[in-house]
Amino acid sequence: MEIKGKVIAILPLVEGEGKNGTWRKQMFVIETQDQYPKKVCIAIWGNNIDKFNVADGEMVNVGFDLESREYNGKWFTEPKAWKIDKEGQGSSTSSETPFPSEEPSIPGNPEMDDLPF
């Protein structure tokens with residue numbers, strides 16, 4: 001899936017330790033430029049944080065996948081960016097592969113360690 005909009009917020013970088021080592025996650029919010037604008041919070045994982053280097057105020061076209069997880073009977077969905085094209089730069093910031101690398105488990109959440117994927 002893809003969405004285009006203006007970056008209106010960049011949330012603090014989150015880092016941690018999982019069973020596969022250190023992980024990093026950066027979330028940012030874009031606002032679409034439609035007649036009825038929508039705000040969408042999207043996550044960037046690992047090395048893509050430095051690769052895409054998203055800045056506040058930029059117009060971006062984001063390629064992302066949706067992934068949902070169950071925890072304590074509730075479901076949580078997160079859009080994960082795999083490509084970010086900045087306006088005026090073409091596809092110079094595109095990722096080589098549309099699939100993110102294996103995501104580490106979240107510390108303090110033993111149920112997440114037992115997922116089959």
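Predicted model: local features only at pLDDT ≥ 70, side-chain atom pairs only at ≥ 80, totals over all residues.
**Exercise 1.** Find which residue forms a salt bridge with Lys 86, and state where in the chain the two partners lie.

Solution. 
- Step 1. The partner of Lys 86 is Glu 58, and their closest N and O atoms are 3.6 Å apart. The cut-off is 4 Å, so the pair counts as a salt bridge.
- Step 2. Lys 86 belongs to strand 6 (residues 74–86), while Glu 58 sits in the loop between helix 1 (48–52) and strand 5 (59–71).
- Step 3. The two residues are 28 residues apart, and the pair links distant parts of the chain.
- Step 4. Lys 86 has a relative accessible area of 10% and is therefore buried. Glu 58, with 22%, is partly exposed.

**Exercise 2.** Decide whether Glu 67 and Lys 80 are each buried or partly exposed.

Solution. 
- Step 1. Buried means under 20% relative accessible area.
- Step 2. Lys 80 has 4% relative accessibility, so Lys 80 is buried.
- Step 3. Glu 67 has 25%, so Glu 67 is partly exposed.
- Step 4. The side chains of these residues form a salt bridge with an N to O distance of 3.0 Å. The bridge joins strand 5, which holds Glu 67, to strand 6, which holds Lys 80, across 13 residues.

**Exercise 3.** Determine which residues are joined into one network with Asp 85.

Solution. 
- Step 1. Asp 85 forms a salt bridge with Lys 83, with the closest N and O atoms 3.7 Å apart.
- Step 2. Asp 85 is buried at 12% relative accessibility, and Lys 83 is buried at 13%.
- Step 3. Salt bridges with shared partners join Glu 2, Lys 83 and Asp 85 into one network.

Key
Residues numbered from 1 in each chain as written. Heavy atoms only, no water. Helix = DSSP H or I, 4+ residues; strand = E, 2+ residues; numbered from the N terminus. Buried < 20%, exposed > 50% of the residue type's maximum accessible area, 1.4 Å probe, protein only.
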